[in-house]
Amino acid sequence: NMGLMRGKRGVILGVANNRSIAYGIAKSCRDQGAELAFTWQGDALKKRVEPLAKELGAITLGHCDVTDPATIDAVFAEVKKQWGKIDFVVHAIAFADKDQLDGRYLETTQENFTNSMLISCYSLTAITQRAEHLMTDGGSILTLSYYGAEKWMPHYNVMGVAKAALEASVRYLAADLGEKNIRVNAISAGPIKTLAASGIGDFRYILKWNEANAPLRRNVTQEEVGDSAMYLLSDLSRGVTGEVHHVDSGYHVTGMKRPEAPDI
Ligand code: NAD
């Protein structure tokens with residue numbers, strides 16, 4: 001154990017269960033000696049998150065629903081009370097109406113657009129506003145994006161638009177906070193079977209397509225995203241900010257199907 005995160009304390013938002021990308025990130029950070037704080041969204045997830053917190057020796061900060069700013073204030077007030085300061089934050093939160101993650105983007109309603117942007121994009125800024133004041137020795141903030149921000153992907157729809165805005169937010173927040181040595185980055189993860197992913201139409205097809213066409217010829221795991229996240233949250237990446245780092249088996253460089261790649 002090299003302890004690359006020893007002495008660092010961070011808040012992880014977005015653990016729903018042990019398949020969550022946030023859980024993979026939490027494990028990688030914990031393995032390197034970080035101390036963690038978890039939140040949950042609603043009572044239904046409390047009973048899932050509490051045992052995972054226990055397993056990783058994490059403290060819990062309670063309920064946080066990013067559509068309710070009072071709950072964001074409450075969890076950051078709680079972490080301030082318990083720790084005084086923090087070193088890192090993981091934002092692994094996204095939501096869009098499942099009915100509109102299928103078919104045409106064109107059909108997106110104003111209500112779904114607004115809600116998806118609030119939960120999947122603005123929440124990073126809302127969380128960063130609270131984190132700034134607790135990162136008195138600098139810090140690292142990480143969010144999760146997807147290639148659908150850069151290129152059209154089937155069924156990703158409003159989420160692609162929200163992720164594009166999220167990636168732009170990373171650049172603006174990085175510029176605002178650089179003078180305080182607070183870094184802001186994103187990981188653009190390849191497709192991984194999680195609760196959130198199950199809402200995306202034809203997700204199995206997307207997984208197979210990526211496996212066949214990515215340079216590494218396989219999909220990525222929560223553990224692999226976790227280890228890359230740990231790098232971005234640790235001092236190893238102290239010269240890196242405003243970056244969108246692809247952890248996707250290299251899929252984002254693929255311009256066309258290899259002639260010998262299997263037909264999906
Ligand atoms: P997940 O379902 O395990 O996590 C999504 C989390 O978002 C849950 O913990 C949920 O409680 C939280 N959330 C949703 N609405 C919320 C709200 N209003 N307030 C607070 N929390 C809320 O799924 P995941 O795949 O681990 O998703 C984590 C992040 O990774 C998301 O931003 C997602 O878009 C991104 N991502 C996922 C994939 C993939 O293929 N799974 C690929 C690239 C990026």
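The views below all come from a predicted model.

**View 1. Helix α2, with a kink at Val49.** Helix α2 covers residues 43-55. At 1.5 Å a residue, its 13 residues should span 18 Å, and the end C-alpha atoms sit 19 Å apart, which agrees. Look for the bend of about 30° at Val49, shortly before the proline Pro51. Val49 is also one of the buried residues here, along with Leu52 and Ala53. Just after the helix, Gly57 takes a positive phi of about 65°.

**View 2. Helices α3 and α4 where they cross.** Helix α3 runs over residues 69-83 and helix α4 over residues 110-132. Their axes come within 10 Å of each other and cross at roughly 35°, and the crossing is right-handed. On the α3 side, the contact is made by Pro69, Ile72, Asp73 and Phe76, while α4 brings in Ala126, Ile127 and Arg130. Sort those contact residues by type and you get five nonpolar, two charged and no polar.

**View 3. Asp137, out in a loop.** Asp137 lies in the loop that links α4 to β5. Is Asp137 buried or exposed? There are 11 other C-beta atoms within 10 Å of its own, and a residue with 12 or fewer counts as exposed, so Asp137 is exposed. Leaving out residues up to four places away in sequence, Asp137 touches Lys85 and Asp87. For a sense of scale, Asn18 is 119 residues from Asp137 in sequence and 31 Å from it in space, C-alpha to C-alpha.

**View 4. Helix α7 and what it packs against.** Helix α7 takes in residues 222-233. From first C-alpha to last, its 12 residues reach 16 Å, close to the 16 Å expected at 1.5 Å a residue. Which residues of α7 are buried? They are Gln222, Val225, Gly226, Ser228, Ala229, Met230, Leu232 and Leu233.

View 5. Arg217 is not a glycine, yet its phi is positive, at about 60°. You'll find Arg217 in the loop between α6 (203-213) and α7. With 14 C-beta neighbours inside 10 Å, Arg217 counts as partly exposed. Ser249 has a positive phi of about 60° too, and again the residue is no glycine. Ser249 belongs to the segment after β7. Its count is 19 C-beta neighbours inside 10 Å; a buried residue needs 20 or more, so Ser249 counts as partly exposed.

**View 6. Ile264, in the segment after β7.** Ile264 is found in the segment that follows β7. With 13 other C-beta atoms within 10 Å, Ile264 is partly exposed. What is Ile264 in contact with, leaving aside neighbours within four places in sequence? Its partners are Tyr205, Lys208, Trp209 and Ala212. Glu224 is 40 residues from Ile264 in sequence, and the two C-alpha atoms are 25 Å apart in space.

Key: Residues are numbered from 1 along each chain as its sequence is written. This is a predicted model: local features need pLDDT of at least 70, side-chain atom pairs count only at pLDDT 80 or more; totals for chains, interfaces and linings use all residues. Helices (H or I, at least four residues) and strands (E, at least two) are DSSP runs, numbered from the N terminus. The expected span of a helix is 1.5 Å times one less than its number of residues. The bend at a residue is the angle between axes fitted to the seven residues ending there and the seven starting there. Axes are lines fitted to C-alpha atoms, for helices over the stretch in contact, and angles run from 0 to 180 degrees between N-to-C directions. A crossing is left-handed if the near helix is turned anticlockwise from the far one by less than a right angle, and right-handed if clockwise. Two residues are in contact if their C-beta atoms, placed from the backbone, lie within 7 Å. Ala, Val, Leu, Ile, Met, Phe, Trp, Tyr, Cys and Pro count as nonpolar, Asp, Glu, Lys and Arg as charged, and the others, Gly among them, as polar.
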